[in-house]
Amino acid sequence: MPGIDESRPFVALNIAVLTISDTRVMEDDRSGSLLVERLTLAGHRLADRRIVTDDVEEIRGAVSAWIADPTVDVVITTGGTGFTGRDVTPEALEPLFEKRMEGFSTVFHMISFPKIGTSTLQSRATAGVANATYIFCLPGSPGACRDGWDEILANQLDVRFRPCNFVEILPRLDEHLKRAKAKGATV
């Protein structure tokens, strides 16, 4: 059975949160605030938090700065994953991915389907790895962010989760490049 192995020590990660919206400001950014609350309650550190508009260059610029920062382990974005003309998060970030995490979208949709039915098709949630940094792109609704964190990321970003998790492989994400960014997450 999957679950938390309490005999292992928790490893706090540095997580940056990016809200992508043409209308939100910090005071009414419920999705970004929910993610910050959840990640800090879990014991992780907020590395940075920003809001950018639905613009490919702004989105890519913010995330590129974080993946270049050796202290940032994970980036979580919220917003811009739909199908309207302004929804450009996948277009902005997938070109940065060295490896795409195909299963993230599949699992996200499996979790969403019982709650919102076929409306889950309106999300292009995506994830990948770039410069030894995990990047998770969630939809902009608080419910989608809650599901993404509670049902997927809380476990996969906890080194104690068994049978396996993303934290234990974090130090090896860039081994093919012969550099060591992810030293802080050794297990």
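Colleague: Is F136 buried or exposed, and at what relative accessibility?
Modeller: This is a predicted model, where local features need pLDDT of at least 70, side-chain atom pairs count only at pLDDT 80 or more, and totals for chains, interfaces and linings use all residues. Residues are numbered from 1 along each chain as its sequence is written, and side-chain values use heavy atoms, with hydrogens and water left out. Buried means under 20% relative accessible area, exposed over 50% and partly exposed in between, with a 1.4 Å probe and protein chains only. F136 counts as buried, at 0%.

Colleague: How many aromatic pairs turn up in the whole structure, and how far apart are the ring centres of F104 and F108?
Modeller: Rings of Phe, Tyr and Trp (its six-membered ring) pair if their centres lie within 6.5 Å; planes under 30 degrees apart count as stacked, over 60 as edge-to-face and the rest as tilted. The search finds five pairs. F104 and F108 are stacked, with 25° between the planes and a centre distance of 6.5 Å.

Colleague: Which cluster do the ring pairs build?
Modeller: Y134, buried at 2%, stacks with F136, the centres being 6.1 Å apart and the planes at 25°. F104 is buried at 3%, and F108 at 2%. Ring pairs link up the cluster F104, F108, Y134, F136 and F166.

Colleague: Which residue of β7 is the bridge partner of T77?
Modeller: Strands here are DSSP runs (E, at least two residues; helices are H or I, at least four), numbered from the N terminus, and two strands pair if DSSP finds at least two bridges between them. β4 and β7 (residues 133-138) pair in the parallel sense over five bridges. The partner of T77 there is C137.
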